Amino acid sequence: MAHDLPPADLPPAVADYVAANARLDADGMLAAFAPQAVVLDDGGRHEGREQLKTWIRTAILGSRAIFTPESWRDEDGRIAVDGVTSGDFKGSPIRFTFRFQLEDGAIVALAIA
């Protein structure tokens, strides 16, 4: 079942990540992830706090990339969020699907496509 948003309807860890991203708040974005979380983005794999900090600093803050969710659905336990990312990068805005895997109230995996 697909859900149109407001973002408050997202699961809490995902809503926290989206809200921190909207503020370009690196610490807030990082706080939504479990310590050993994995992010797959733009052909790269980023795992653990240090790599996630670098990914947030370069991929998100460096280009002021803000993801605006439009709808979400549960895909066999993963939360798939569709929306648009806008920022200071070639081709902006671009439509993406963020697929979050949650465990114990934190993001353990995120795949961006």
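Select Ala-111 together with its neighbours beyond four places in sequence, and the residues it touches are Leu-40, Thr-97, Phe-98 and Arg-99, where a contact means heavy atoms within 4.5 Å. This is a predicted model, in which local features need pLDDT of at least 70 and side-chain atom pairs count only at pLDDT 80 or more, while totals for chains, interfaces and linings use all residues. Residues are numbered from 1 along each chain as its sequence is written, and side-chain values use heavy atoms, with hydrogens and water left out.

With a surface drawn, Ala-111 is partly exposed at a relative accessible area of 25%, the class between buried (under 20%) and exposed (over 50%), with a 1.4 Å probe and protein chains only. Then pick Gly-62, 49 residues away along the chain, whose C-alpha atom is separated from that of Ala-111 by 19 Å.

Now show the whole chain as a cartoon, coloured by secondary structure: there are three helices and seven strands, and read along the sequence they follow the pattern β-α-α-β-β-α-β-β-β-β. The C-alpha trace spans about 35 × 30 × 25 Å along its principal axes.

Finally, among contacts between residues at least 6 apart in sequence, 42% join residues at least 24 apart.

Note on methods:
Helices (H or I, at least four residues) and strands (E, at least two) are DSSP runs, numbered from the N terminus.
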